[in-house]
Every structure is written in structure tokens, then in C-alpha cells.
Amino acid sequence: MAGTRITNIQSAAKKPPMIQPPQRSSAALEAVQIRKKNSHSSGDRLSQSKSMVLQESDLPQKPISRHRRNQSQHNVVVPGSGASVFQPLVGLKGEHLNVTKISESGKKQRKNWTVMWSVLTTDQLLFYKERQHESSQKTGSKTDVVHLCGAVIEWTTEKSSRKNVFQITTNAGSEYLLQTDSYSTAAKWYDAIRKSVDSSTNSDGGFSLRRSNSTDYLPRHSSLPGHASASPSSKQCNPVHRRSINMFGSSKLKHSTSDSADKNGVKNRLKKFIIRRPSMKTLQEKGLIKDRVFGCHLLTLCEREGNTVPRFVQICVDAVDKRGLEVDGIYRVSGNLATIQKLRFVVDQEEELDLDQDQWEDIHVVTGALKMFFRELPEPLFPFRFFQLFVDAVKIKESKRKVQAVKKLIEEMPKPNKDTMKLLFSHLHRVLAFSRKNLMSTQGIGIVFGPTLMWPELDAGNMAVNMVYQNQIVEFILIESREIFNLDTK
């Protein structure tokens, strides 16, 4: 017994002393290992160190930064990292999206929508022609790769007529449009891509910035990685370095405010111009704007000219009386529209008008301009309030009563309307006197001048019925013009 006890004591003395770890739970004890570093060279000192190494199951699942500096400082090995180069984001599976590339490196391309199988990773957006599974992804099967570092994503309605369209502009100047019919799907991809852009931009602040609408790149700030050795003199020489490059500290990239400032400035200047611009009356008083002849109200035109008959009507009637009474189809045949518009421009500019010039030798141009003048009156020669009264008067069967009713209505008209009507119908009566040569009858003149001289203010009735009455009224006044206007006493 004594010998056995002595042997046990000796063997116990030879064993190295056990290092008792702190009291922990069984789960923690299993996760803690003791590591010794023993030097095999005689010159090195024997050292012992303790390190608490967590197993892979206890490691927090955090995204691994792709920055080279981070990988060199931390000896972290991701199991199976060599099996797949691109790691899709958790919670967002690949889906079919409508994709088109509208610009590459600042050069515009033709829009061509294509259904692509889209996969989003931490810093890239991958497009495949066919649906790919994560286990079978190959580098050669990708059709397009969108680098999200430094990219800009925004909703757009101007680049496409489709709904739920958002645009991705890469740092290299390429532009992509993504679209899907479901708004919830489009919003889900928009938020996920925006988060990937923010995370990749914050993790790698060394990307180049491209100027708006340009392929030139802004110089990187001296405080960014890789530029720590820049001299102070270079910072002072280049003021661009001190401009707003602090966008790297923000959560998302934003467009420069220069475009919005320019737009606001233009809007403000337009508002001020509209507020301060003079009124139409002021411009007319200063002579900067002149009232036109065509399209002017008959009363206003006569007041301006100081007469009860417009000067242009008088000139045209005199020209037709002089050289157009015997022309075949006078007032029925149309003149050259371009020449009529030229004559109208001369009259509106209040230039000296001489219808005896060679450019107005076609009498049909003169008659066409006269008919256009009456058609473009804001209120016809027969005022609106008299339209139905003339229709009722022409329905009277007894001839004398009909003449008296029409004559009474004409007497009640404003003096410019009455005097202009008297001048015009007396002229048309002279045209009828040469009906054997010009082949114009009362019915033909009524068809030409009926819709030209009168029309209802609100065309609520039947247009064909109104046209019949218009022609009948003009034809009746033309036949009875001597008695209605007292032409014999002239």
C-alpha cells in the first residue's frame, strides 16, 4: 500500500499542472479550446497563449466585405466560398423582369425590351437569358452584369410609356430600364437594388464620379483611400477637391442640385415676366400691337376707321364692280388660297392696298378675300339675336307682310351692320344684272352667301335645316333689295 501510494504521488508530481478555465456552462466549455504555441528552436522562448475560438455555428451571419484591406486584417474563411463567386441576397429570389439598355458609357442605344432572369447580389445585378439555379450558375452564362457600386436608381415615367418603370444609371454611364406589370414586384426590386447600391457605395468609397451628361470623371478627394499621400499644395490648387464630395458619407447618392436649381430659376423668371408684362390695351395704346381687320368685330372695326362700312369691304366691292361683273362664276369660283392669304396679311398690317396691282389681277382672289372677311367675323353680319327672327319672318306666306317683316328687322340692326348689308346687297343686285354673262342666279348667290352672312350662335338644331333657311333669307333679300333698302331713291 505504501509503495503504491508513493508511486501515485510521484506520477502526479511529474504531470504538468492543469490550467483550470473559469466556470462556464457546458455549451461554452465545448466552444472554448486551449491552444499552445511551442517553439522547436532552442533560442526561442516557450510561450503559451489562450484564445477563445468560436465555432462556425456560433459565428454571426454578417455580409463579408469585399474590401481588400478588410480581408487582410481578418483571417476569416467562409466555407464553400470558392464554389460560388456571386452570393445572391437572402430573401430576394431571381425573377423574370423586363429589361432594356438605353445607354452604354454615355452613348444612347435603341430601346429593346427583353424578358430576362434577374439575380441580385451584394454589389451586382445579373441578367440571364434563361432561368438559372444558384447551383448551376456559370460565369459564361451571364448576358449582362450591372455593377451597383456608385450607381443611381430612380423611378421614371419619361423614358417609357410602360408602368412601374425604374432606371439604373451605373458609374460608367450606362443606363438600364427595368419594368414589371406588378407594382409590388417592381417596388420590391427597387428597394432591394437601392439597398445594394447604398451598401456597396458605403463599403467602397474609391469609385470615380462622372460629371452629369459627360464621360469625364471627377478627381477623387484626397481624403479617400489611396490618396493619403497627396500634398497640401495640391489640395489648395484644385478647388474641385473641396466641393461636395461628402456624398460618400450619406446613405444614398443623389443627383446634383444644379439641374433643379436651373429649372426653378427659369420658372421664377417666367412668373415674373408674366406678372410684369403689360396688358393688351397698353400695348395697343403704344402702337406695339395693331388690331387686325380679319377677325375683328364689325362695330369695333368701324369705330376704329371712323366709318359705318369697313374700308376693305368698300375697296373689294369697287374692284369687282370695275372688272368682275362679267366674269364667269363670279363669287362662285374660288381663287388661289395662297394669294388670298397674302392679301389678308397685307390688309391686317394696314399697309397701303391697291387692288389694281398685278399681284391682285385675279378677281377671284378679291372675291375670295371678301367672303373670308365675312366668315371670320366674331359675330356675323346678321347678328346672332336676329337669326331666329329672320327664320320666322321668311316663313310668312304673304309676300307684302314678309317684306315688311324683313325690312323692319334690318332697320333694327346696328348702323354698321345695316349700312354694310345695304352696300353688299346693292352690289350683288348689280351682279345679277349681268347674269347672262357671269351665269350667276339669285339661287346661286344665296347658296354662296347664305352660310357666309348668317349662322346661329349655338348650332343645336339641324345644320341642313339651318342652311336651307340661310339660303332662303339671302335669296329673298336679294330679290326684294330695291324695296327693302330703298335703292330706287338713291
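What percentage of the 490 residues in the protein chain is buried? Buried residues (under 20% relative accessible area, 1.4 Å probe, protein chains only) make up 35% of the chain. The model is predicted, with local features requiring pLDDT of at least 70 and side-chain atom pairs counted only at pLDDT 80 or more, whereas totals for chains, interfaces and linings use all residues. Residues are numbered from 1 along each chain as its sequence is written, and side-chain values use heavy atoms, without hydrogens and water.

The protein chain contains 18 helices and 12 strands, taken as DSSP runs (helices H or I, at least four residues; strands E, at least two) numbered from the N terminus.

Apart from neighbours within four places in sequence, Phe382 is in contact (heavy atoms within 4.5 Å) with Phe390, Met413, Met421, Phe425, Leu453, Met454, Ile473 and Ile477.

The axes (lines fitted to C-alpha atoms over the stretch in contact, with angles from 0 to 180 degrees between N-to-C directions) of H12 (residues 387-394) and H17 (residues 463-479) come within 10 Å and cross at roughly 70 degrees. H12 and H17 are therefore roughly perpendicular (65 to 115 degrees). In H12, Phe387, Phe390, Val391 and Val394 meet Asn466, Tyr469, Gln470, Gln472, Ile473 and Ile477 of H17.

Technical notes:
Angles under 35 degrees count as roughly parallel, over 145 as roughly antiparallel, 65 to 115 as roughly perpendicular and the rest as oblique. Buried means under 20% relative accessible area, exposed over 50%, partly exposed in between (1.4 Å probe, protein chains only).
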